Amino acid sequence: METRFLAVGELTGTPSVAVVIDVMRAFTTAAWAFAQGAERIVLAESLDGARELKARHPGWIALKDGPPAPGFDAVNSPGLIRGTDLTGRTLVQKTTAGTVGALAVRGADLVLCASFVVAGATARALHGRPEATFVVTGEDGRAEEDLACARYIAHRATGPSPDPAPYLRRAAESTAAAELAQGVREGVHPDDVRLCLELDRFPFAMAAAPEDGLMVLRPYGEDGR
């Protein structure tokens, strides 16, 4: 499989297969939401767009980066979302990096959204694909945790499973991990970094696709479609 690793700003066209990486924390939180029973996650274009969707659908749960805010029900934290019963619910997610990356490749034949907690299932979903573009969303493509996860999934998809320790260590020593641990970012649970570094916590991958004019994320693979 031919692989490329690009920042959102480096995309020059729509890839056939895109793997959008956001470890800390969009696609770790999303995976936990599905584990808690969520049916689907609508990826919003903007904060205002997320609020508008929530206003039109009061039963949906809107979440964002940072502290709690009017119009939103939750924040983008795996530690905070894991204790919420989301059975059958629709979430609206807007984050700084992950949702932006997924929306940037919405025309791809397959859009997988990934983090370490779904790494193995994501690698399996790539088997047999001739090529894949990994979209590294954090820090304009320089986020160490996202680069580590992207490289790990790519290696696992194209050959024997590599030793995960160096990849997880690289993520644990990243700027994002330090900011979360030190409370620099708001809307954080003390367990967030640990939860973001749980390799293969869930057996499903996650795929985003257009539905009724929205970009919708759903489980994909063993426990999904």
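## A buried tyrosine to start with

Tyr 152 is buried, with a relative accessible area of 2%. Keep this residue in mind as you explore the structure, which is a predicted model. Phe 116 is another residue to look for: its relative accessible area is 1%, so Phe 116 is buried too, given that buried means under 20%. We will come back to both of them below.

## Aromatic pairs

How many aromatic pairs does a search of the whole structure find? The search finds 6. One of them joins Phe 5 and Phe 134: their ring centres are 5.2 Å apart and their planes meet at 20 degrees, so this pair is stacked. Because Phe 5 belongs to strand β1 (residues 2-7) and Phe 134 to strand β8 (residues 131-136), the pair ties together parts that are 129 residues apart in sequence.

Now back to Phe 116 and Tyr 152. Their ring centres lie 6.4 Å apart with the planes at 50 degrees, so the pair is tilted. Phe 116 sits in the loop between β7 (110-114) and α5 (119-126), whereas Tyr 152 is in helix α6 (residues 144-158), so parts 36 residues apart in sequence are tied together.

Trp 32, Phe 34, Phe 202 and Phe 204 are linked by ring pairs into a cluster.

Next, look for the open sheet, which is formed by 10 strands with mixed pairing. Their order is β1-β8-β2-β7-β9-β10-β3-β6-β4-β5. Which strands stand at the edges? They are β1 and β5 (74-75); each has a single partner strand, so one side of each is left without a neighbour in the sheet.

Of its 6 residues, 5 are buried, so β8 is largely enclosed by the rest of the structure. It pairs with β1 in the parallel sense over 6 bridges, and here Phe 5 stands opposite Phe 134. Strand β2 (residues 17-21) runs parallel to β8 and is joined to it by 4 bridges. Val 19 has Phe 134 as its bridge partner in β8, and Ile 21 has Val 136.

Which residues of α2 (residues 47-56) are buried? They are Gly 49, Ala 50, Leu 53 and Lys 54. These residues cover an arc of only 140 degrees around the axis, which means they lie on the same side of α2. The buried residues pack against β3 (40-43), β4 (61-64), β6 (90-94) and β10 (214-221). Turn to the other side of α2 and you will find Ala 55 and Arg 56, which are exposed.

Methods: Residues numbered from 1 in each chain as written. Predicted model: local features only at pLDDT ≥ 70, side-chain atom pairs only at ≥ 80, totals over all residues. Heavy atoms only, no water. Phe/Tyr/Trp six-rings, centres within 6.5 Å; stacked < 30°, edge-to-face > 60°. Helix = DSSP H or I, 4+ residues; strand = E, 2+ residues; numbered from the N terminus. Buried < 20%, exposed > 50% of the residue type's maximum accessible area, 1.4 Å probe, protein only. Arc of directions from axis to C-beta. Contact = heavy atoms within 4.5 Å. Pairing = 2+ DSSP bridges.
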